[in-house]
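Welcome, and please have your viewer ready. We will go from one selection to the next and look at what is there.

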Amino acid sequence: MERQTTRISPADIVRQKEFCDQIAERLAALPQAPLAYVDTYGCQQNEADSERIRGYLREMGCGFTTDENEADIIVINTCAIREHAEDRVLGNVGALIHAKRRHPGQIICLCGCMAQEPQVAEKIRKSYHHVNLVFGPHALWRFPELLYRVMVEGKRVFEYTDEPGSIAEGIPVVRQGDVKAWVSIMYGCNNFCTYCIVPYVRGRERSRLPEDVLSEVKELVEAGYKDISLLGQNVNSYGKDLGLDMDFADLLEQINNIPGEFLIRFMTSHPKDASQKLFDVMGRCKKIAPVFHLPVQAGNDRVLKEMNRHYDRATYLDKVKRLRQAVPGIVLTSDIIVGFPGETTPEFEETLSLIEEVRYDALFTFIYSPREGTPGAKMPDPMPMEEKKANFMRLVEAQNVISAEKHAAYVGKTIRCLIDGKSDEEGCALTARTPGNRLVRVEAGDERLIGTFQDIEITSANTWSLWGKLTQA
Ligand code: SAH
Ligand code: SF4
Ligand code: F3S
């Protein structure tokens, strides 16, 4: 198989760290300790990328803030998945002009998926003069070098060249918490679903080497992390580009063999690549959380074909059946797009009947948003927005009933949950997650339990969450 992936050499990363040192020297001249603000939009992949950006910023000597007015460096890590997401980012970036007026030395950077879109980068160049640096996901590993150029040359820097993509190991990381961690196992996507911008902004599928993934997970477990999410746009095709005798199911099994009490999650799985082998491994491996996010997108075969999804309704339903046989009681979630170009209301009703048939625990629902450069954006789209919105509401309402029923079935059960945070809400001291990732609000309990697994008796439930109490309070 043709391998276009560039593996960034350790020497290149050392060089980036040298840029960090040089930036640190410059920042040390400021009257106060330098502060950075990293604002993240979009999916977990972006969260994971922001942890690397923070890693570099820490090497530059920065502390962190969430107040744009006190930040010396602002990094906005953006998402391009829907127009609404882009509009929100542009609004917020526009508003940063006020912070910059008060603090003229401030450096504003825009990165992530929007930054990889040439028309967005051009818009920033023309109309958002207060933004100093624009770089796409491909250039993330070179962030220190790009920032250094902005500082030394005093010029705006734009770096969004299209490329198949690279893999860089050894970038420093500042993780957001100490209970849950993201681990990217692969980058990019080869699927080109006709509505989706991701393959254009994130490049081709490329997998990290298994030994790199395994050693990162081992370190996390040794450091006390309890909930580890493996990330990729389509984790089921992990390893296909490596030419090794190893696939995603094998990788999961090896991670499961790492000693310690922890949970492994993964997202996202493309239904066409979800294999019986994977289902069997999930049934066998106790550390793999019993939850599966299997985006279906639509319930009608013609629409699925137009979306270029490479499966039909019957194949999808068969996979769900086999998954449930392999892992009884597994929590199932999905993504759905309403109003794909040309979808009729009777076709949409097949999505409704599909969700009634599958009975997902939860759904992520979206109204189709045309993305420039994707085939979908050129397809005739005659349905008025009011009709799409009405269909969307029918879907949400149908799912709310199912989610509430699914949650009600937990009441009275005692479940071993991971306590993952504290809460200031009334009647809730701690938050926890079931192995299937349902949110549990725990009435009372000591903060020191955060990061431990505890038995919780579920006392009540609604559409979105569960309530419970510790059995050994
Ligand atoms: N790689 C993942 C999904 C990434 S995007 C997968 O294949 O499942 C997350 C979700 O956003 C998608 O599953 C889809 O439901 C939704 N989405 C993607 N592009 C969209 C668009 N143009 N309009 C509306 N929703 C979209
Ligand atoms: Fe987008 Fe499809 Fe790739 Fe998911 S699999 S990222 S929806 S192109
Ligand atoms: Fe958005 Fe990019 Fe993720 S477009 S959903 S941040 S891969």
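Which residues are around ligand 2? Select ligand 2 in this predicted model, and you will find Cys189, Asn191, Phe192, Cys193, Tyr195, Cys196, Val198, Pro199, Gln233, His270 and Arg309 around it. Colour that shell by class and it divides into 7 nonpolar residues, 3 polar ones and 1 charged one.

Next, select ligand 1. Its surroundings comprise 15 residues, of which the closest are Tyr195, Gln233, Gln297, Asp335 and Ser369. Sorted by class, this shell holds 7 nonpolar, 4 polar and 4 charged residues.

Now look at individual atoms of ligand 1. At Tyr195, a polar backbone atom is 3.0 Å from a nitrogen atom of the ligand. At Gln233, an N or O atom of the side chain is 2.8 Å from a nitrogen atom of ligand 1. Move on to Asp335, where a polar side-chain atom lies 2.6 Å from an oxygen atom of ligand 1.

For the last stop, select Asp273, in the loop between strand S13 (263–267) and helix H9 (276–284). Is Asp273 buried or exposed? Its relative accessible area is 16%, so Asp273 counts as buried, the cut-off being under 20%. Show side chains, and you will see a polar contact of 2.8 Å joining those of Asp273 and Lys272. Leaving aside neighbours within four places in sequence, Asp273 is in contact with Asn234, Asn236, Ser237, Lys240 and Lys319.

Key:
Residues numbered from 1 in each chain as written. Chains lettered and ligands numbered in written order. Predicted model: local features only at pLDDT ≥ 70, side-chain atom pairs only at ≥ 80, totals over all residues. Heavy atoms only, no water. Near = heavy atom within 4 Å. Nonpolar A, V, L, I, M, F, W, Y, C, P; charged D, E, K, R; others polar. Polar contact = N/O pair within 3.5 Å; in protein donor to acceptor, adjacent residues only side chain to side chain. Helix = DSSP H or I, 4+ residues; strand = E, 2+ residues; numbered from the N terminus. Buried < 20%, exposed > 50% of the residue type's maximum accessible area, 1.4 Å probe, protein only. Contact = heavy atoms within 4.5 Å.
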